[in-house]
Amino acid sequence: MPDTPPLDSLGLTVDLALAGLTVGSAAALSGIGLVVCHRATGVLNLAQGAQAMLIAYLLRDLVVVRHWPVWPALAFCLLLVAPALGVLLDVLVYRPLQRRGAGTAETMVAGLGVFVLLIGVAVLVWGTAPLSGAPSPFGAEPIALPGGHTLRPDTVAQLAAILVLALTVAATTRFTRFGLQVRAVVDDRRLARLAGVNADRVSAAGWAFGSFTAGLVGVALAPYLLLDPYGLPLLVMETMAVAVAARLRSIPVAVATGLGLGIAQAELTRLRPAGQLLPLVQAVQANLFVVALLAAALLAGPRITGGAGDRAPLAVPGPAGGGRAARAVCLVLLLLPLGFRDNDLRSALLVPALALVLLSIVVVTGYGGQISLGQAGYAGLGALGTALLMSGRIPAVPPLPAVPALLCAVLATAPLGLLTGWPAIRRRGPALALVTFAVGTAMSRFVFQQPYATTGLTLNRPAFLAGDRAFYLAELVLLGLGLLAVRGLHRGRPGRALTAMRDHEPGAVAAGVNVPGLKLFAFVAGAALAALGGGLMGLAGRAFDPASFDPVRGLLWFAAVVVAGADSALGAVLAAALLIGLDAGTVAGVSAVAVGLLAAAIGRLPGGLAGAAARLSRRHPAHPPATLPPGRLTATGRRVRTLITARQAAARGEEARP
């Protein structure tokens with residue numbers, strides 16, 4: 001028989017497990033909300049973290065600032081504000097998308113828009129400084145258990161809420177007419193309407209419940225965390241691993257996974273290896289949900305769906321005339337800072353650098369049709385790699401000057417694009433988005449925020465670029481080269497193949513396009529552009545700042561590119577100027593609110609601003625529409641066009657049958 005562990009070791013194990021239930025129960029609540037919302041609406045609620053953050057801030061404001069009693073404030077937040085927020089999102093954001101038959105990509109962008117918008121609102125109202133959380137309504141006196149162990153009263157309440165919610169959902173789904181209507185709406189909304197089901201009411205109920213559980217998560221975490229408009233939403237998004245592990249279907253699996261991860265994270269604190277492994281083990285201990293999200297997203301494969309198909313691409317090509325106007329606007333915006341004073345010019349240094357990062361999203365998403373939420377991670381690798389090479393921190397490599405260090409960092413980061421490119425071969429939509437977000441978050445947690453990688457770094461500009469004006473001119477030259485390279489890519493043979501893959505991947509495969517190779521190429525090229533922009537951002541500020549490459553900022557950048565026009569390289573420049581200019585000229589959070597509003601309105605603004613310009617140009621054309629002569633098409637383009645035409649003709653024939 002195995003030896004019985006000592007009593008003190010067993011007692012420590014039990015105490016850690018009970019402590020882990022606090023985080024685990026909050027993760028389980030998050031999983032329940034995501035699963036139920038997806039089952040009722042067919043949408044993966046990417047904005048859940050921001051909803052939880054907003055309710056937590058509101059509860060603190062009512063209790064700490066306005067001196068409401070805790071229980072009335074809690075009831076107001078959870079029973080009135082949270083469900084009303086869910087219904088509002090359904091009516092204003094998601095219902096127009098459902099009625100238009102929008103694809104998964106647009107639905108996800110709308111969710112990211114809500115996420116960014118709520119964060120911007122929190123920044124405008126409460127600022128960016130961390131605030132103490134709201135007091136617990138259950139008090140701080142622990143509950144005594146047999147054996148001398150204790151349990152927090154909040155944890156007991158959360159476990160009770162999990163049990164009640166799980167049983168209520170199970171009973172509603174199996175034994176009520178409403179549960180049958182929910183399944184009918186998710187399976188086929190149009191047929192459910194024909195059968196007399198009020199699909200809008202079903203969706204509103206699903207969003208109200210999802211928002212209510214998001215509020216529960218925020219309330220559960222508020223007493224134990226400093227409220228941060230960026231950190232808290234990211235923390236809740238990491239618990240999405242629970243729902244992904246449950247395939248967005250099984251509530252028992254979501255609950256078990258959430259509780260298990262919470263307990264495992266607490267138990268891992270007992271590991272204290274000696275030597276260089278200690279920082280890595282501590283990073284895993286503190287970020288176990290990030291590891292679980294990455295593993296769950298990779299193992300889930302393409303089975304995670306968003307309910308709608310991938311019929312509508314994010315990219316809508318803009319008109320030719322609008323392109324000339326956009327070039328003129330971009331040129332003015334980029335040259336205008338040369339006349340600024342020193343302080344204003346220093347803020348503008350980030351515009352060309354960020355434009356290069358956003359160009360990477362244009363290549364991956366706009367041209368290749370692959371949703372990548374982790375480009376901020378590659379930008380951070382470019383900045384960190386430049387700093388490490390300049391500081392002589394790479395073994396067997398002497399300290400390098402700034403320009404060679406930047407080029408080497410870009411070359412070293414480009415192959416790392418395979419980290420997200422390889423999973424993209426078999427994934428689309430939410431599955432790919434979750435993988436790329438998890439990779440970017442892992443880079444931030446395990447590299448950018450670790451002292452062993454970021455201490456003792458120097459990022460000094462070369463002498464001939466020490467002045468801000470000279471450095472800005474150098475950035476403009478590099479941005480111009482990047483724009484020319486992206487333009488050449490888009491107009492060349494690889495660009496036409498990327499467009500064919502984006503518009504109709506099965507047709508591109510049938511036409512002989514090497515789709516896996518194209519996806520890998522897009523991610524590698526995107527990683528190189530992002531690394532170049534990130535390195536310039538580090539040199540502009542003369543320091544490596546992990547907050548500049550936070551995963552939440554990456555979500556804001558992605559939404560900004562889609563809003564400006566995912567298929568427009570010039571749109572990346574306009575988006576960078578918008579993000580930097582609004583926050584520098586007003587107050588922090590304004591750019592997030594503006595981008596969030598436009599992204600959340602993607603249901604009424606298909607294709608973003610570029611799509612609106614294209615539709616306006618078609619209504620009032622300045623020149624007759626030009627057609628491309630057949631001889632100008634490549635053989636691949638002709639095959640893709642023939643296959644798509646045949647598929648459309650077959651679809652029309654099926655619809656014409658009685």
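In this predicted model, helix H25 covers residues 515–541. Helices are DSSP runs of H or I with at least four residues, strands are runs of E with at least two, and both are numbered from the N terminus. H25 has 27 residues and reaches 39 Å from its first C-alpha to its last. That is close to the 39 Å expected at 1.5 Å a residue, where the expected span is 1.5 Å times one less than the number of residues. Of the 27 residues of H25, 21 are buried, so the helix is largely enclosed by the rest of the structure. Buried means under 20% relative accessible area, exposed means over 50%, and partly exposed lies in between (1.4 Å probe, protein chains only). At the start of H25, a side-chain oxygen of asparagine 514 comes to within 3.2 Å of the backbone nitrogen of glycine 517. Just after H25, arginine 542 has a positive phi of about 60 degrees.

Arginine 542 is also a contact of alanine 466. Contact means heavy atoms within 4.5 Å. Leaving aside neighbours within four places in sequence, alanine 466 touches Arg461 and Arg542. Alanine 466 sits in the loop between helix H21 (451–454) and helix H22 (468–491). Its relative accessibility is 36%, so alanine 466 counts as partly exposed. The C-alpha atoms of alanine 466 and leucine 539 are separated by 9.9 Å, although the two residues are 73 residues apart along the chain.

Glutamine 450 belongs to another loop, the one between H20 and H21. This residue is buried, with a relative accessible area of 12%. The glutamine 450 side chain reaches the backbone oxygen of arginine 445 at 2.6 Å. Beyond neighbours within four places in sequence, glutamine 450 is in contact with Pro279, Ala283 and Arg445.

Arg445 also takes part in the packing of H20 (residues 429–448) against H13 (residues 288–300). The axes of these two helices come within 9 Å and cross at roughly 155 degrees. H13 is therefore roughly antiparallel to H20. Axes are lines fitted to C-alpha atoms, for helices over the stretch in contact, and angles run from 0 to 180 degrees between N-to-C directions. Angles under 35 degrees count as roughly parallel, over 145 as roughly antiparallel, 65 to 115 as roughly perpendicular and the rest as oblique. The H13 side of the contact includes Val290, Leu294 and Leu298. The H20 side includes Leu434, Phe437 and Phe446.

Helix H26 (residues 551–565) has 15 residues and spans 21 Å from first C-alpha to last, close to the 21 Å expected. H26 is mostly covered, with 14 of its 15 residues buried. Aspartate 550 caps the N-terminal end of H26. A side-chain oxygen of aspartate 550 lies 2.9 Å from the backbone nitrogen of valine 552. H26 packs with helix H27 (residues 569–585) at an angle of about 125 degrees, with the axes 9 Å apart. H26 is therefore oblique to H27. Leu556, Trp557, Ala560 and Ala564 of H26 meet Gly571, Ala575 and Leu579 of H27.

The protein as a whole has 30 helices and two strands. Of its 658 residues, 52% count as buried. Residues 24 or more positions apart account for 80% of the contacts with a separation of 6 or more.

Residues are numbered from 1 along each chain as its sequence is written, and side-chain values use heavy atoms, without hydrogens or water. Local features need pLDDT of at least 70 and side-chain atom pairs count only at pLDDT 80 or more, while totals for chains, interfaces and linings use all residues.

Technical notes: Polar contact = N/O pair within 3.5 Å; in protein donor to acceptor, adjacent residues only side chain to side chain.
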